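Reader: I have a few questions about packing. Please show me the model before we start.

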Amino acid sequence: MNNDYQYHIYAPYRVCPIGAHVDHQHGLVTGFAINKGVDLWFNITENGRVKLHSKTFEGDVEFYVNQPSQVREYHWGDYARGAKFALRKRFELNRGIEGVIQGSLPVGGLSSSAAVLIAYVMALAKANDIALRPFEIVKIASEAEREYIGLNNGLLDQACIALGKKDGLLFLDCDSDEWRIIKRNEEMEDFEIGIFFSGLTRSLVNSDYNLRVQECKTAAWNMWAYTDQPLKSFDKTFLRDIPKATFDKTRIAMPARFARRAEHFYSEYRRVRQGVTAWETGNLKLFGKLSYDSCESSIHNYECGSAELIAIYDIMRSLPGVYGGRFSGAGFKGACIALVKPEEKDNIEKELTERYLEQFPEYEKTFKIYWVKPDDGARFVEG
């Protein structure tokens, strides 16, 4: 059936080993695109109509690109409408697309929403002869998710998906937007990435994700207020703008909840710096340990993670052949990721499945393990 379509876009899912929950505060992040993702097959329509069918979700989506965006319908089609919304702020859209979209893994923890948004942005740009550089795609897709979908995200997900390379680690500064791919050190051991789905699914907009963003900004406001600095409006308030020395001076004065959120930000900033050095020098053991430390801070300082995810994480830590890992995505339900020795995969899968289902037998049908590798970012597929 997919032979009926002229164009094919592949947008990978992503994982973030170190640098979680800090992009929205303009922090430092790392990530990989992986070799599972979203496929969009489509033809161009001259009359501006967008008509989409999903192999993952029910119902079809239909609208016109040359008409103003309607309000959200809380339906999978919102992501296509969000792409239209963000593109129309910059460009005139006259031609639409007709096609089919399909995801290759369960939804939850791998930024499938950012992957589909990037696919739609690329497709509508192609249909309307708009040439976009990869980082422009990142910005437009991120804006669609913030302003139309209502998730106060940073650039981490979109950057990994659009910029990732199979032979390197993405390092992105979410303040300056500077990024680079750090090539894999030839001395580094082989690894694969385990994706361990808890069996729970989740929606970020309905989780505590947006609340955590506001708590981080409140911590920043506290610090400015305690040091008699002028306050900025909430949308222009970021922890990155406040030196750690200010946090060290003021943390005792602010409510403990806000101090913990800020502690996560400053400690994650340090871990990403250390992680980049570990990756550059081929020290996968240290890189993995920093990923574990990142997850510890997510549990205790950022206070995310369900009982299910924490159980997977605890089991993971005890298994031979796991270099390190953490929750993936916002870490409220979703999945855990781990960097592992390829020769230990079978044993890890067996042990983790047995021990997890002993604790949570209700997920016997929905708990899943997948093995993936780093991959290149979103692209048109020839042929």
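Author: Leaving aside neighbours within four places in sequence, I195 is in contact with V15, I34, L110, A335, C336, I337, K368, I369, Y370 and V372. Contact means heavy atoms within 4.5 Å. This is a predicted model, where local features need pLDDT of at least 70, side-chain atom pairs count only at pLDDT 80 or more, and totals for chains, interfaces and linings use all residues. Residues are numbered from 1 along each chain as its sequence is written, and side-chain values use heavy atoms, with hydrogens and water left out.

Reader: What makes I195 stand out in the largest nonpolar core?

Author: I195 and F196 have the most contacts inside this core of 123 residues. Helix α2 (residues 112-127) gives the largest share, 13 residues. A nonpolar core is a set of buried Ala, Val, Leu, Ile, Met, Phe, Trp, Tyr and Cys residues joined through side-chain atoms within 4.5 Å. Buried means under 20% relative accessible area, exposed over 50%, partly exposed in between (1.4 Å probe, protein chains only).

Reader: Why is α1 called oblique to α2?

Author: Helix α1 (residues 78-88) packs on α2 at about 55°, with the axes 9 Å apart. Angles under 35 degrees count as roughly parallel, over 145 as roughly antiparallel, 65 to 115 as roughly perpendicular and the rest as oblique. So α1 is oblique to α2. Axes are lines fitted to C-alpha atoms, for helices over the stretch in contact, and angles run from 0 to 180 degrees between N-to-C directions. Helices (H or I, at least four residues) and strands (E, at least two) are DSSP runs, numbered from the N terminus.

Reader: Which residues of α1 and α2 meet?

Author: Among them are Y79 and L87 in α1, and V116 and L124 in α2.
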